[in-house]
Amino acid sequence: MSRLTRRTVLGAGLAAAGTGLLTACSDSMSGMDHSSGGGGTSPSADYVTPDGKQVGAAEALRRPGPERRFKLTAVETPLDLGGGRTVRSWAYGDDLPGKEIRVTAGDTLALTLANNLPEATSLHWHGLALRNDMDGVPGLTQRDIRPGGSFDYRFAVTHPGTYWFHPHSGVQQDRGLYAPLIVEDPKEPLKYDKEWVIVLDDWVDGVDGSTPDAVLAELSQGMGGTGGMDHGGTHSGSMEGHDMSTMSMTRKKSPSPKPAGPSRMLMGATSDLLGGDAGDVGYPHYLINGRTPDEPRTFAARPGDRIRLRIVNAGGDTAFRVALGGHKLTVTHTDGFPVEHTQTHAVLLGMGERLDALVTVGDGAFPLTALAEGKARTALAVLRTGGGAAPSSSVRPKELDGKVVHGGQLKAAESVRLESRRPDRTIEFKLTGSMTTYDWAVNGRKYDPAQRYPVRAGERVRLSFVNTTTMWHPMHLHGHTYGLADGGARKDTSIVLPGRKLDVDFDADNPGLWMIHCHNVYHAESGMMAVLGYLQ
């Protein structure tokens with residue numbers, strides 16, 4: 001088995017590949033808007049490379065601590081979804097979700113990923129501000145991990161919180177390749193008796209012949225050509241004539257497969273909370289910790305216990321509204337960072353978002369229900385502290401219709417609030433595309449790793465997301481956290497509603513090449529991604 005280390009990948013091989021990635025034909029930039037406060041792309045600029053000295057210097061400042069070693073194997077395997085349903089999919093081992101990784105802030109995480117899949121893969125550490133060459137984006141920060149190969153990830157983990165990891169290769173995330181990453185705080189200020197890690201997912205792989213690649217192939221045909229309704233906004237006509245088969249999120253791939261299984265294209269799913277259209281894909285199953293509502297996971301506790309919920313939305317195309325029947329939640333964190341404590345009946349998470357909450361539990365058996373927002377389906381887990389019948393698979397707690405809080409409404413705790421400062425640079429990202437032709441893009445241009453939006457170390461950077469489409473987009477920034485306006489929460493993934501603008505600020509303190517993209521895996525893979533590049 002061949003092994004790719006950081007030295008072999010980011011030595012001569014990626015240095016050579018990186019040279020190609022760092023240059024682009026100026027002619028391809030005709031028509032690009034360079035007027036947004038330094039926010040236009042600059043293909044010919046000199047950028048920090050993932051293996052550059054600045055990346056190593058930033059890592060040294062993190063003062064990597066004791067090493068925690070893990071091994072992970074990506075395999076094709078049968079997975080038991082409960083209720084007599086077994087599917088064949090790709091996963092980390094034979095667990096769904098993959099086994100939790102838990103470290104302490106200040107540790108050095110060292111993990112070897114072995115690829116036993118029939119395709120190349122990768123591993124992205126969602127939400128972590130880590131060294132750039134460990135971010136796990138093939139074609140940008142590392143090479144693909146080929147079948148039969150492996151890769152050694154090693155980096156300092158500096159900030160406590162609830163995170164997760166998944167591939168950044170095609171639509172692999174919408175299989176079973178995901179798991180939670182919990183970074184404990186050595187000076188944890190919260191007091192609680194137990195933790196419950198809750199991973200939400202929408203599931204299609206292996207059901208009646210469906211695969212995520214087949215779903216993407218169907219969606220890529222567009223609704224206009226199938227007689228479906230137009231969910232569109234603006235069109236990115238500047239990409240006319242481009243070969244879609246080479247526009248993969250992180251890798252070149254073979255031509256898209258013909259759609260397999262029943263149609264998964266969803267029409268008519270709407271949500272007021274999401275500003276209208278709720279999603280593209282009608283999934284056959286919705287899961288909590290890998291199980292359908294017919295045979296849910298059960299979490300055991302005692303009456304009166306104070307439980308910390310760590311909720312991760314690992315879905316591909318679904319926002320979830322989550323409530324615990326008979327209880328109110330006190331939200332304490334979003335995307336790993338503390339917030340001013342906020343009491344609510346339910347919480348809303350877009351794909352990629354995480355949220356922590358405290359709850360003091362009563363006596364009995366209670367449903368933890370995750371409503372697939374706008375899709376009229378639910379996922380279920382059970383909290384049991386005493387006797388009584390288990391909740392039915394179709395239970396819908398009244399709390400789902402009470403007060404609903406999402407990350408954009410929260411205020412950062414004072415200890416992590418971003419200091420007020422005028423931005424040195426503003427970059428506008430127009431979110432463009434439509435369901436009619438499925439041409440999702442940023443600023444009308446589909447993802448090209450050679451095109452970078454420049455930033456400089458030490459700057460306060462404002463990202464201005466302008467959603468010109470009629471769909472919502474959960475936008476995710478790699479390698480950093482940003483602050484929402486007016487003392488809002490520190491986050492790395494935020495919902496941008498249709499027809500709305502969202503401004504977020506971050507300090508450019510982690511050199512390298514960093515992805516920014518929609519975390520709807522089908523929108524991203526269709527082209528709604530861009531790259532921030534640190535100038536030398």
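Contact here means heavy atoms within 4.5 Å of each other. Keep that in mind as you click around. The model is a predicted one: local features need pLDDT of at least 70, side-chain atom pairs count only at pLDDT 80 or more, and totals for chains, interfaces and linings use all residues. Residues are numbered from 1 along each chain as its sequence is written, and side-chain values use heavy atoms, with hydrogens and water left out.

**Stop 1: helix α2**

Select residues 53-61, which make up helix α2. Helices are DSSP runs of H or I with at least four residues, strands are runs of E with at least two, and both are numbered from the N terminus. Color V55, A58 and E59, the buried residues of α2. Buried means under 20% relative accessible area, exposed means over 50%, and partly exposed is in between (1.4 Å probe, protein chains only). Now look down the axis of α2: its buried residues fall within an arc of 100 degrees, so they line one face of the helix. That arc is taken from the directions running from the helix axis to the C-beta atoms. What do these buried residues pack against? Show 150-156 and you have the partner, β7. Turn to the other side of α2 to find K53, A60 and L61, which are exposed.

**Stop 2**

Next, select residues 67-82, strand β2. Strands of a sheet pair through backbone hydrogen bonds, either parallel or antiparallel. Two strands count as paired if DSSP finds at least two bridges between them. β2 pairs with β5 in the parallel sense over eight bridges, and K71 has T112 in β5 as its bridge partner. With β3 (residues 85-92), β2 pairs in the antiparallel sense, over eight bridges. Here E76 stands opposite W90 in β3. β2 and β3 form a hairpin with two residues between them, and G83 in the turn has a positive phi of about 65 degrees.

**Stop 3: N115**

Stay with β5 (residues 108-115) and pick N115. Is N115 buried or exposed? It is buried, with a relative accessible area of 0%. Draw two distances from its side chain: a polar atom there lies 2.9 Å from the backbone oxygen of E119, and the side chain also reaches the backbone oxygen of R146 at 3.3 Å. Not counting residues up to four places away in sequence, N115 touches several others, including A74, T121, I145 and P147.

**Stop 4: the six-stranded sheet**

Now bring up the open sheet of six strands, ordered β13-β10-β15-β20-β17-β18, with mixed pairing. The edge strands are β13 (285-288) and β18 (337-344), each pairing on one side only. Inside this order, β15 (residues 306-313) and β20 (residues 354-360) pair in the antiparallel sense over seven bridges.

**Stop 5: the cores**

A nonpolar core is a set of buried Ala, Val, Leu, Ile, Met, Phe, Trp, Tyr and Cys residues joined through side-chain atoms within 4.5 Å. How many residues has the largest one? It has 106, and those with the most contacts inside it are L109, L111, W125, Y153, F429, L463 and Y522. Strand β21 (residues 365-372) gives the most to this core, with four residues. A second, separate core of 15 residues includes L96, I182, V312 and A314. Finish on Y522: leaving aside its neighbours within four places in sequence, its contacts include V171, P212, L216, Y283 and Y438.

Note on methods:
Polar contact = N/O pair within 3.5 Å; in protein donor to acceptor, adjacent residues only side chain to side chain.
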